[in-house]
Amino acid sequence: MNSIKVAILGFGTVGEGVYRTVETHQEELAAVLGKKVEVVAILIKNKQKDRGIGNEVLVTDDFEEIMHLPQLDVIVEAIVGREPAFTYLQRSIQKGGHVITANKEMFAYHGEELKKLAEAHRVSVGFEATVAGGVPVIQTIQQLLNINRIKKIEGILNGTSNYILSEMRVNGQTFPEALKAAQDKGYAEADPTNDVEGFDAFYKLLILSEIAFGEKPVWESVPREGISSITEEQITQAENLGLRFKLIASIQLDGEKVIGSVRPTLVTESHPLFNIEGVENSVSIEGDIVGRITLQGPGAGMLPTASAVIEDLIHAVLETKLPEAEGTRRRSLHASRDQNRVQNWLIMPQGEVSLHRIPSSSVTEIESGYFLQANEQEISALRRQNRSASIFEVLGDYAVEKTVKVYL
Ligand SMILES: NC(=O)c1ccc[n+]([C@@H]2O[C@H](COP(=O)([O-])OP(=O)(O)OC[C@H]3O[C@@H](n4cnc5c(N)ncnc54)[C@H](OP(=O)(O)O)[C@@H]3O)[C@@H](O)[C@H]2O)c1
């Protein structure tokens with residue numbers, strides 16, 4: 001029986017997970033594909049490390065050796081950063097291999113180029129693992145797009161930030177303490193900037209925008225804020241009001257415009273993301289026919305991510321033509337938030353607050369600050385007037401009582 005030959009670029013958490021899963025799930029793969037799947041080559045940087053890889057596999061630090069293999073059906077890319085990953089995938093496609101990537105940063109930058117190149121070479125590009133690890137969000141959106149128009153996607157896309165926020169709330173930790181705990185558990189990198197400053201969620205949001213709406217917004221104009229300035233006092237204040245902080249990435253249709261943001265947001269108990277705790281990811285998708293669907297699961301880790309990669313491998317081999325985002329007519333995207341849409345906000349002041357230009361009927365004073373309804377433009381002005389105040393959007397139904405008392 002002819003086998004499907006696979007090369008894996010990178011043998012870290014993801015690459016190793018894919019290799020081990022192929023090893024342990026040979027029977028299942030053969031049953032679905034009618035062929036054996038064989039990992040024939042693995043690309044790494046450091047050849048000295050002992051990795052427990054079978055002798056029949058070519059382990060190399062030279063990509064050219066992989067390109068010279070006589071048969072290569074699928075190339076799985078699980079290395080870090082834009083380059084050389086992008087170049088390697090271009091070369092792989094030009095050689096006629098299906099490609100699958102877990103590399104969200106590279107794919108946020110170069111996904112469209114890769115998809116176009118793959119189309120020209122009649123191969124597929126799988127990228128399920130780039131967003132929310134094991135949660136099958138990409139395939140769900142592609143499936144929904146057969147008939148639905150996606151109106152909004154909102155999610156917790158970074159497990160590390162969510163873990164830190166949960167630790168701060170449940171165990172009363174400071175941000176540095178919770179970050180250290182996340183690093184000790186292997187959730188956060190030594191340099192956690194991408195996670196805690198919202199870049200990781202931002203890359204994922206761009207990938208989702210592309211499949212749901214057919215385009216990416218202008219990057220520079222998407223508000224992107226992380227969680228590093230959230231204090232334990234603010235977490236307690238929110239908790240006392242029945243609210244929880246979440247790092248929410250959202251992208252949605254507002255009329256014909258698409259608007260998006262990544263920022264710490266307060267959610268109420270009625271909101272589907274309220275109970276997502278720890279390293280979990282969750283994505284809520286709103287379609288015009290189906291309504292709201294919420295997916296939840298492990299957003300990272302060896303086996304959940306391998307599961308997403310193997311699903312892509314099966315699709316690639318079976319040549320299941322995934323529905324392209326056809327219903328997603330190309331639109332001109334306006335990445336900044338709609339300036340006129342009125343939303344709910346909570347102001348946590350430090351000292352006096354000036355609410356100049358906000359109608360008093362829109363403001364409810366509470367012990368620890370103010371709830372108000374305002375649009376983005378008004379909030380931007382408020383932020384300029386009150387530089388030391390923290391201002392957060394509130395998602396979900398919330399009835400404000402003027403008598404709310406918050407004790408720190
Ligand atoms: N970890 C997760 O749970 C997860 C989930 C979803 C997506 N991702 C994405 O998947 C990718 C891989 O993540 P990871 O956690 O598996 O990373 P990792 O543990 O740091 O492993 C990276 C691997 O890539 C190899 N590598 C790095 N640069 C290379 C180069 N220039 N040439 C050849 N090999 C190179 C490294 O080789 P050496 O072993 O020799 O150093 C290592 O084996 C990243 O883009 C990440 O964002 C990760």
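Sorting rule before I tally anything: I count Ala, Val, Leu, Ile, Met, Phe, Trp, Tyr, Cys and Pro as nonpolar, Asp, Glu, Lys and Arg as charged, and the others, Gly among them, as polar. Also noted: this is a predicted model.

I looked up the lining of the largest pocket and sorted its residues into 18 nonpolar, 18 polar and 11 charged. The lining comes to 47 residues, and Val14, Ile79, Val80, Lys104 and Glu189 lie nearest the pocket centre. I then checked which elements give two or more residues to this lining: helix 1 (13-24), helix 5 (104-120), helix 7 (159-171), helix 9 (193-196) and helix 10 (199-213). For the volume of the largest pocket I have about 1600 Å³.

Where does the ligand sit? I find it in the largest pocket. There are 22 residues around the ligand, and Phe11, Asn46, Arg51, Ile79 and Gly301 come nearest. Sorted by the rule above, this shell gives me 11 nonpolar, seven polar and four charged residues.

I went through ligand oxygen atoms and polar backbone atoms. For Asn46, a backbone N or O atom is 2.7 Å from a ligand oxygen. With Ile79, I get 2.8 Å between a polar backbone atom and an oxygen of the ligand. Gly12 has a backbone N or O atom at 3.2 Å from a ligand oxygen. Last, the area: the ligand taken alone exposes 900 Å², and the protein buries 79% of that.

Notes
Residues numbered from 1 in each chain as written. Predicted model: local features only at pLDDT ≥ 70, side-chain atom pairs only at ≥ 80, totals over all residues. Heavy atoms only, no water. Near = heavy atom within 4 Å. Polar contact = N/O pair within 3.5 Å; in protein donor to acceptor, adjacent residues only side chain to side chain. Areas by Shrake-Rupley, 256 points an atom, 1.4 Å probe, with all protein chains shown as cover. 1 Å grid on protein atoms, 1.4 Å probe; cavity = no way out; pocket = protein on both sides within 12 Å on 5 of 7 lines; lining within 4 Å. Sits in = over half its atoms within 2 Å of the grid points. Points joined across faces, edges and corners; volume = space filled by probe spheres on them. Helix = DSSP H or I, 4+ residues; strand = E, 2+ residues; numbered from the N terminus.
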